[in-house]
Amino acid sequence: MQITNTETVPNRDIVETLGIARGNTVEARNVGRDITQSIRNVFGGELKAYSDLLSKARDEAIDRMVADAERMGADAVVNVRLETSQITDGGSEVMAYGTAVRLR
């Protein structure tokens with residue numbers, strides 16, 4: 001499965017558009033992580049635990065988008081985008097979406 005944030009796949013022709021492929025996940029912080037990250041926030045620097053949590057969530061959302069595209073019979077997903085939103089206090093959703101296509 002090829003994934004790109006551009007409208008085309010280099011050196012390939014899109015022969016069919018299958019629809020929007022999407023995948024999402026919701027991740028929540030934990031109390032222990034919040035305490036350590038709050039201390040780090042006071043002194044400055046990267047909040048690495050949160051960066052790692054969001055990286056994991058992005059990877060999961062992309063994996064789920066790819067699975068959705070595979071169910072449609074796609075060879076690639078073009079115009080891939082990622083969005084993050086807070087849905088509860090301490091919980092964020094990451095969504096990956098793009099256009100599932102078949103290639104020549």
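Guide: Two strands pair if DSSP finds at least two bridges between them; helices (H or I, at least four residues) and strands (E, at least two) are DSSP runs, numbered from the N terminus. The model is predicted, and local features need pLDDT of at least 70, side-chain atom pairs count only at pLDDT 80 or more, and totals for chains, interfaces and linings use all residues. Residues are numbered from 1 along each chain as its sequence is written, and side-chain values use heavy atoms, with hydrogens and water left out.

Leu 82 belongs to strand β3. Strands β3 and β4 are antiparallel partners, joined over ten bridges. They are part of an open sheet of four strands with mixed pairing, in the order β1-β3-β4-β2. At its edges stand β1 (2-3) and β2 (14-28), each with a single partner strand, so one side of each has no neighbour in the sheet. Helix α2 packs on this sheet and touches β1, β2, β3 and β4; its direction makes about 145° with that of β2, where axes are lines fitted to C-alpha atoms, for helices over the stretch in contact, and angles run from 0 to 180 degrees between N-to-C directions.

Is Leu 82 buried, exposed or partly exposed? It counts as partly exposed because its relative accessibility is 41%; buried means under 20% relative accessible area, exposed over 50%, partly exposed in between (1.4 Å probe, protein chains only). Leaving aside neighbours within four places in sequence, Leu 82 is in contact (heavy atoms within 4.5 Å) with Arg 58, Ile 62, Met 95 and Ala 96. The C-alpha atom of Leu 82 is separated by 9.7 Å from that of Gly 23, although the two residues are 59 apart along the chain.

Val 80 touches Met 65, Tyr 97 and Gly 98, among others.
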